[in-house]
Amino acid sequence: MTDQAPAPYAGPERVLSGVQPTGDLHLGNYLGALVKFGRLQHEIETFIFVADMHAITEWQDPAKLKSQVREIAAAYLATGLDPKVATIFAQSAVPEHAELAWVFNCVARLGWLDRMTQFKDKAGKHKERSSVGLYTYPVLQAADILVYKATKVPVGEDQRQHLELTRDIAQKFNHDFDAPNFFPLPDALTQGPGARVMSLRDGSAKMSKSDPSDQSRINLTDDADAIAQKVRKARTDPDPLPETVEGLEGRAEAKNLVAIYAALAGRTEAQVLGEFAGQGFGAFKPKLADLAVSVLGPIGGEMRRLLADPAEIDRILGAGAEKARALAAPTVAEVRKLVGFWAG
Ligand code: TRP
């Protein structure tokens with residue numbers, strides 16, 4: 001500790017986040033991420049991308065990857081991101097991400113990456129058969145964020161460790177290249193309603209696109225019948241809804257459905273219980289199904305409309321990539337100078 005407080009980072013606030021184009025987007029992505037993106041774009045300069053370079057850390061069918069990138073872009077647009085307000089693009093269209101990631105590979109320490117729990121979870125028992133890219137995945141993520149000098153990163157709770165690594169990389173780069181405050185130390189934004197949407201089949205597991213059971217999640221492209229059927233079949237318990245939020249303790253599935261209702265309705269869990277206390281799930285589930293259909297139905301419809309015109313999505317992604325590069329290129333040019341790369 002020095003007694004002199006370091007000068008704070010002086011650059012502008014900037015939001016950046018991304019979603020991998022692997023598997024269908026679901027209610028958890030919507031409430032935990034997409035809704036927040038739409039809101040933040042009106043408050044702070046916002047960059048939202050499709051993480052196709054991260055996707056190939058595990059093998060992807062090339063044709064499918066291409067269509068999934070457009071699908072995520074369609075979901076961004078259908079849930080309220082406005083390409084005139086936010087910058088929306090595909091990660092692979094901005095080569096500066098990869099260029100900065102290489103420098104960061106040389107800044108990050110093996111010991112730091114060895115602690116990453118997402119790698120351990122994804123690699124499973126056969127670590128030696130994982131791609132090297134999967135191991136350095138969080139380093140590329142740090143480059144995604146810092147190439148725009150982003151300061152706020154809306155992500156799920158499971159990404160907190162990657163954000164801490166990003167801060168460590170930023171700090172070490174600033175120190176090693178004698179460039180105080182060159183990179184900001186970005187904050188994770190993990191709060192808010194819907195921050196943790198759980199599986200409809202198991203209240204202790206996150207709603208996830210990799211869950212083999214499609215019944216465990218409501219996909220953004222599910223039609224009204226599928227949504228209603230999944231809510232009806234969601235796991236619950238036989239007790240009526242309690243008067244207070246504390247009364248939901250130890251009732252993970254009940255808590256999850258109340259939290260989903262609250263997030264979709266833009267109300268607090270206490271307000272939802274104020275309306276439904278004493279009622280059983282036989283009464284609550286149809287109300288939740290109606291609400292979910294009324295919110296998600298139009299989003300699925302808009303996604304289908306957008307996906308019918310892939311050229312228009314590509315045009316939006318192309319324009320976004322151009323805007324993104326205009327900001328990323330000067331950062332990389334400065335990094336090249338700081339590191340001492342050949343400049344001709
Ligand atoms: N790792 C993130 C996830 O799985 C996706 C991601 C990649 C990301 N790069 C990012 C999120 C940069 C925020 C910022 O959810």
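Leaving aside neighbours within four places in sequence, which residues is Gln159 in contact with? The model shown is predicted.

Figure 1. Gln159 is in contact with Gln118 and Gln141, when residues within four places in sequence are left aside. Gln159 belongs to the loop that runs between β4 (152-154) and α9 (160-176). The relative accessible area of Gln159 is 12%. Because this value is under 20%, Gln159 counts as buried.

**Figure 2. Domain 1 and domain 2 of the protein chain.** The domain assignment gives domain 1 as 14-196 + 309-339, and domain 2 as 214-305. Taken over C-alpha atoms, the centres of domain 1 and domain 2 are 30 Å apart. Domain 1 brings 16 residues to the contact, and domain 2 brings 14 residues.

**Figure 3. The area buried between domain 1 and domain 2.** The size of an interface is often expressed as the accessible area lost when the parts come together. Between domain 1 and domain 2, about 1200 Å² is buried. Carbon and sulfur atoms give 77% of this area. On the side of domain 1, the residues that lose the most area to domain 2 are Leu27, Tyr30 and Ala78. Together, Leu27, Tyr30 and Ala78 account for 40% of what that side buries.

**Figure 4. Polar contacts and the side of domain 1 that touches domain 2.** Two residue pairs are in polar contact between domain 1 and domain 2, both at pLDDT 80 or more. The count of salt bridges across the interface of domain 1 and domain 2 is zero. On the side of domain 1 that touches domain 2, α1 (27-40) and α3 (62-78) each supply at least two residues. The residues of this side of domain 1 comprise nine nonpolar, three polar and four charged.

Figure 5. Thr79 has a relative accessible area of 14%. Thr79 is therefore buried, as the value is under 20%. A polar atom of the Thr79 side chain lies 2.8 Å from the backbone oxygen of Ala75. Not counting residues up to four places away in sequence, Thr79 touches Tyr30, Leu34 and Ile299. One of these, Tyr30, is also among the residues of domain 1 that lose the most area to domain 2.

How values were computed:
Residues numbered from 1 in each chain as written. Predicted model: local features only at pLDDT ≥ 70, side-chain atom pairs only at ≥ 80, totals over all residues. Heavy atoms only, no water. Domains from an automatic or database assignment. Contact = heavy atoms within 4.5 Å. Buried area = accessible area lost by both parts, 1.4 Å probe. Salt bridge = Lys/Arg side-chain N within 4 Å of Asp/Glu carboxyl O. Polar contact = N/O pair within 3.5 Å; in protein donor to acceptor, adjacent residues only side chain to side chain. Helix = DSSP H or I, 4+ residues; strand = E, 2+ residues; numbered from the N terminus. Nonpolar A, V, L, I, M, F, W, Y, C, P; charged D, E, K, R; others polar. Buried < 20%, exposed > 50% of the residue type's maximum accessible area, 1.4 Å probe, protein only.
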